[in-house]
Amino acid sequence: MKSYPTILSLCSLALLPNIIFGADESPYLFGDWGGARTELADKGVSLNLFHIFDVYDDFSGAAESGGTYFGRQRVAIDLDLEKLLGWENSYIAISGVHQYGNNYNRSRFGVFTNPSSIEGTETTRLANIYFGQSLFDGQVNYQIGKVDGVGAFGSQEYGSSFMNDEFAYVANAIFGSALPFDPAQKLGLIVEYQPNGTQLYLKGGVFDSNQLDAYADDHNGLSFDWEGPIAYAAELGYRSDPDKTDKPGFVKLGFHYNTGNFANFLGTTEDENNKLIYLSAGRTLHNFDSQQQRRIDGSITWVHAPEDRNLYADELIFVLRAIGPFAARPNDELGLGVVAAYISDDYSDASQSAGGPVAEEEYTVELSYKAAITPWFQLQPSLQAVMNPAGDTDRDTVWIAGLRSVITF
């Protein structure tokens with residue numbers, strides 16, 4: 001495996017006193033800054049700093065063997081405008097990221113799925129900045145500014161227990177409609193309506209899809225131009241009240257539509273717009289304790305998109321996770337996820353026409369364990385298997401081992 005940045009050694013040194021002498025109860029590595037953090041929050045300013053670092057390597061089946069790493073540092077500021085300016089139920093959210101590492105795991109390993117949910121473009125940029133407000137006794141909530149369309153319409157509800165992008169963020173098929181995503185968020189508006197006395201909600205969004213490339217002409221996140229084409233999203237859902245049931249759940253049905261031109265694989269029709277539909281449902285399956293803190297949750301997600309212009313015609317994602325799987329480790333998380341990605345027939349035909357292989361289904365399985373070492377430090381080993389990598393049934397299964405560290409400063 002490659003030699004990774006010295007930040008791993010620095011993190012280990014920072015952790016050593018806490019591991020030896022006992023974990024600090026503060027959720028932050030640097031504590032409350034002598035009370036300054038709490039004082040700022042009381043005045044309406046919350047500041048958080050995070051660092052996520054992934055290392056992963058194949059040990060069998062990759063198109064080109066080799067380890068890699070990727071890291072993301074994020075600074076997030078939340079401004080409570082009610083405390084600062086007297087604007088009721090209003091806030092501003094801002095975050096910036098620095099990403100570094102090798103963005104080639106899919107190409108090197110020769111798979112379609114992404115073993116890391118943070119891997120992407122090396123960048124230092126403004127990720128998001130938006131104004132949010134709650135109206136009519138909380139029945140209407142909206143956000144306007146640079147927002148995460150993908151995360152708002154299609155995120156995995158139980159994704160915190162995983163490292164792979166398909167479980168920890170959204171199904172890969174969701175990206176086909178070119179909505180803005182984190183950390184390349186673009187101008188948009190998200191509005192959610194939930195009538196009082198009901199657990200039903202309706203959510204809608206309109207976004208700039210920035211020439212179908214969220215990074216185009218916006219390399220540092222400081223561009224506020226609306227380049228188009230326009231993309232839309234909608235979601236109808238239900239979330240059971242956790243105070244009224246010991247096994248709460250959810251169900252959501254969503255739709256994306258992008259007005260831009262998307263080329264089809266075979267070139268047999270005019271370029272057309274793009275769209276997709278998704279359905280996701282999940283619930284708590286078992287409680288280990290009466291407080292419902294330690295539990296097992298399960299969910300299933302289905303995504304469908306037109307196969308003439310999308311790599312994935314259909315995807316099915318199954319997730320099981322245990323919060324506090326052991327009584328002595330109530331804050332740990334154990335996750336098992338399965339992706340069945342049904343590759344588009346049109347993509348497969350185009351691949352064969354170019355001299356490539358037939359592309360059929362690709363299956364991904366992840367087993368992950370997130371250990372809460374301290375309230376501010378987590379270590380997450382992961383084992384992933386990708387069967388029929390890139391839909392090629394002639395290739396062996398790709399086995400990938402990963403390790404994620406998360407530090408909250």
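The model is predicted, so local features need pLDDT of at least 70 and side-chain atom pairs count only at pLDDT 80 or more, while totals for chains, interfaces and linings use all residues. Residues are numbered from 1 along each chain as its sequence is written, and side-chain values use heavy atoms, without hydrogens and water.

**Strands**

- Strands here are DSSP runs of E with at least two residues, numbered from the N terminus, and two of them pair if DSSP finds at least two bridges between them.
- Strand β6 (residues 186-193) pairs with β5 (residues 140-147) in the antiparallel sense, over 8 bridges.
- β6 also runs antiparallel to β7 (residues 200-208), joined to it by 6 bridges.
- Glu-192 is the bridge partner of Asn-141 and stands opposite Lys-203 in β7.
- The hairpin of β6 and β7 has 6 residues between the strands, and Gly-197 there takes a positive phi near 85 degrees.

**Pockets**

- A pocket is an open set of points on a 1 Å grid over the protein atoms alone, where a 1.4 Å probe fits, with protein on both sides within 12 Å along at least five of seven lines; lining residues have an atom within 4 Å of a point.
- A volume is the space filled by probe spheres set on the points, which are joined across faces, edges and corners.
- The largest pocket has a volume of about 800 Å³, and 31 residues line it, with Ile-52, Arg-72, Arg-74, Ala-168 and Asp-182 nearest its centre.
- β2 gives the largest share of that lining, 5 residues.
- The second largest pocket has a volume of about 690 Å³ and is lined by 32 residues.

Conventions:
Helices (H or I, at least four residues) and strands (E, at least two) are DSSP runs, numbered from the N terminus.
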